[in-house]
Amino acid sequence: MSKLTSRMPTGRKGRFSVSQIFTYLVLIIWGITTVYPFLWVIINSFRQKGEIRSDSFSIPWPWTDSFTLDNYQTAGERSDFVNAYVNSLVISLTVTFFVVLLAGLAAYGLVRYEFKGKKIIYGLVIASMMFPVFSTIIPVFRMEAAWGIASTGNRWASVLSVILPQIAGNLSFSIIVLMGFIRSVPIELEESAYLDGCSIFKIYFKIIIPVAKPSFATVAIFSFLWSYNDLFTQMFLLRYPHEKTITLLLNEINSQAGVNYGLMAASVVLVVMPVLIVYILLQKNIIKGLTVGAIKG
């Protein structure tokens, strides 16, 4: 009885320590400062044009005179959002598909195979992340112009001219992320499948991809977001109205709207909301893919 009594806790620890309270407080403040600007934009997108400067922090309730949908109506009338969304989705989805496909195969080959020049190739992958897109856009444009796909006025040729450099720009990061996870996959699984008669590609698609699904999801999400939000490459390569993407359209509206902050706010909401919804729905995959790859890699 005495032994049991001696093992019982003599006191109860506090639920939260001072350091935890401070950490949570900092995170809450950081979260508010991050989310509030976007909430402010949404609120003012429903406000009358003349009231934003005088009162931009109160909520324009639907039953008050300050509430209006004219900003969204004007944005829709001035700009072809449907065409811009189609161009952006075609570019972003195509870039995401090929980045996941090519980066996965490259990462698998660099992790599982030994060949001459492997270290050099890996070094080039790392080094390519050091060059910003600004330093390569001129030679890329000249090369694509020589191919006849840049500045031709053909909608799909111009879309292709954006897709190719975006795929190349996303590959390095994607390869590194996938290598960290594929390296953690037990090679015994692949050896057993190989002994059962599976080919290399069957092993990759039937074993590697399902096991490394979180990392592939992370690469896909980041590639889509980076492609969707890219403005510099699209400004340089897409010059005609029917080629405009959603980011180019937002840039054009901002330059034309001037001091019409309601119209600008409504345009920002229309552009950002689809990406925000995708991010909220898939944020668990992003966090899981990055953390698992970091721990196991």
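This is a predicted model: local features need pLDDT of at least 70, side-chain atom pairs count only at pLDDT 80 or more; totals for chains, interfaces and linings use all residues.

Helix H6 (137-147), helix H7 (155-182) and helix H10 (213-229) each contribute at least two lining residues. The largest share is that of H7, with eight residues.

The second largest pocket has a volume of about 210 Å³. Its lining is made up of Trp30, Gly31, Thr34, Val35, Phe38 and Leu39. The table gives the lining of each pocket by residue class.

| Pocket | Nonpolar | Polar | Charged |
|---|---|---|---|
| Second largest pocket | four residues | two residues | no residues |

Valine 41 is located in helix H2. Its relative accessibility is 16%, so valine 41 counts as buried, the cut-off being under 20%. Beyond residues up to four places away in sequence, valine 41 touches Ala265, Val268 and Val269. The C-alpha atoms of valine 41 and serine 267 are 9.8 Å apart, with a sequence separation of 226 residues.

Threonine 68 sits in the loop between helix H2 (18-45) and helix H3 (70-78). Threonine 68 also counts as buried, because its relative accessibility is 7%. A polar atom of the threonine 68 side chain lies 3.0 Å from the backbone nitrogen of aspartate 70. Apart from neighbours within four places in sequence, threonine 68 is in contact with Ser45, Phe46, Arg47 and Gln48.

Technical notes
Residues are numbered from 1 along each chain as its sequence is written. Side-chain values use heavy atoms; hydrogens and water are left out. Helices (H or I, at least four residues) and strands (E, at least two) are DSSP runs, numbered from the N terminus. Buried means under 20% relative accessible area, exposed over 50%, partly exposed in between (1.4 Å probe, protein chains only). A polar contact is a pair of N or O atoms within 3.5 Å; within protein, one must be able to donate a hydrogen and the other to accept it, and residues adjacent in sequence count only if both atoms are side-chain atoms. Contact means heavy atoms within 4.5 Å. On a 1 Å grid over the protein atoms alone, a cavity is a set of points where a 1.4 Å probe fits but cannot get out, and a pocket is an open set with protein on both sides within 12 Å along at least five of seven lines; lining residues have an atom within 4 Å of a point. Grid points are joined across faces, edges and corners, and a volume is the space filled by probe spheres set on the points. Ala, Val, Leu, Ile, Met, Phe, Trp, Tyr, Cys and Pro count as nonpolar, Asp, Glu, Lys and Arg as charged, and the others, Gly among them, as polar.
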